[in-house]
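Thanks for sending this one over. Here are my notes, in numbered points, for you to read alongside the model.

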Amino acid sequence: MYRLAAPAKINLFLQIIGDRLESHGFHELVMVMQAITLADHIELTPRLDDGIYIDCAHPLVPCDPSNLAYRAAKLLQKQAGDRGGVDIYIEKRIPVGAGLAGGSTNAAAVLVGLDLLWDLGLTQEELQALAAQLGSDVPFCLRGGTALALGRGDELTPLVNLEGMSVVLAKYRALSVSTPWAYQTYRQQFQTTYAQTAAEQEQQRLQGGSPELLRTIAQRDLQNLSQHLKNDLEKVVLPAYPNVQHLRQAFADFGAVGTMMSGSGPTVFALVETHDKAAELCQHMADKFQDPDLELWPCEFCSQGIHLISSS
Ligand code: C5P
């Protein structure tokens, strides 16, 4: 049996350049992604038959073939041949439909865990290629740390290690945002601004990615890094979900160094200088909103992607 940690991610930067020319329905992106210490735990137990079964107590996680973790196991089973099946237990800590890549990181953990369980000896490149077949965020979840992500989000360049920086997440338990909805709405509203040709897209990619943000990351400069956070999807999600905007505003009012929505939301994160400030900020937010539906997590940037906790 293998037990793995599957960290969530936040987006420090998400710029939409245009419609991808070669993969219909997807956007060409420039992102900076960051793994955080909030993580699901995934347990994989081998089965003698070739069944794949998912078990998860969270009411919003499907325990059927629609779960990305199931699809990851099926993909690897096809690749591996006759190695038996697996019971997958997901201990859900990352909120669902939150813009934190919870489903993607579970799928990445299944790839890493089954490679070990079935002794497949896949290389990092082979795992990355399988991950990209499952979803745009799955390759990043596999590697974790801090990375520049281009293309669909699966062309990764590792950046300097920001491990230990403090961040607070806030999300209303009952609120979730559909990623396809966020991107489609963005397309409806902003398609006229999209770079249309390969040359235009390349130019924007070179200009984009915010050289200032990359410089401040290289310097591990939290104050200046916070000035260069960006998420284009805020333009469609915040007007549709005013509560998310209120969380963002409150984080700013309580002195967060920087605040932004992650991915397609609705989770909002706040960067702070120290662990103590993170705890303080959580308390301020809880006192201000007095809402049992509001969940807050103090956590940290983390340098790891999927990693083994134990095996037996
Ligand atoms: O790759 P993934 O399955 O996570 O993508 C979910 C949805 O998000 C896609 O169906 C698409 O609507 C949107 N998306 C996009 N461009 C990307 C990544 C995702 O439009 N680069």
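**Notes on the ligand site and the fold**

1. A polar contact here is a pair of N or O atoms within 3.5 Å. Please keep in mind that this is a predicted model, where local features need pLDDT of at least 70 and side-chain atom pairs count only at pLDDT 80 or more, while totals for chains, interfaces and linings use all residues. Residues are numbered from 1 along each chain as its sequence is written, and side-chain values use heavy atoms, with hydrogens and water left out.

2. The backbone takes part as well. A backbone N or O atom of His27 is 2.7 Å from a nitrogen atom of the ligand, and a polar backbone atom of Arg152 lies 2.9 Å from a ligand nitrogen atom. On its own the ligand has 450 Å² of accessible area (Shrake-Rupley method, 1.4 Å probe), of which the protein covers 77%.

3. Which residues surround the ligand? They are Gly25, Phe26, His27, Leu29, Gly135, Ser136, Arg152, Thr179, Pro180 and Tyr183, where being near means a heavy atom within 4 Å. By type, the shell divides into 4 nonpolar, 5 polar and 1 charged, with Gly counted as polar and Tyr and Pro as nonpolar.

4. Two elements give two or more residues to this shell, β2 (27-47) and α5 (179-190). The most comes from α5, with 3 residues. Helices (H or I, at least four residues) and strands (E, at least two) are DSSP runs, numbered from the N terminus.

5. For the overall fold, the protein has 11 helices and 12 strands. Its radius of gyration, over C-alpha atoms, is 19 Å, close to the 20 Å that the globule rule (2.2 Å times the number of residues to the power 0.38) gives for 312 residues, so the protein is as compact as a globular protein of that length.

6. Two backbone details deserve a look. The peptide bond from Gly265 to Pro266 is cis, with omega near 5°, and Pro266 sits in the loop between β9 (258-261) and β10 (268-272). Ala101, in the loop between β4 (85-91) and α2 (102-117), has a positive phi of about 65° although it is not a glycine.

Note on methods. A polar contact is a pair of N or O atoms within 3.5 Å; within protein, one must be able to donate a hydrogen and the other to accept it, and residues adjacent in sequence count only if both atoms are side-chain atoms.
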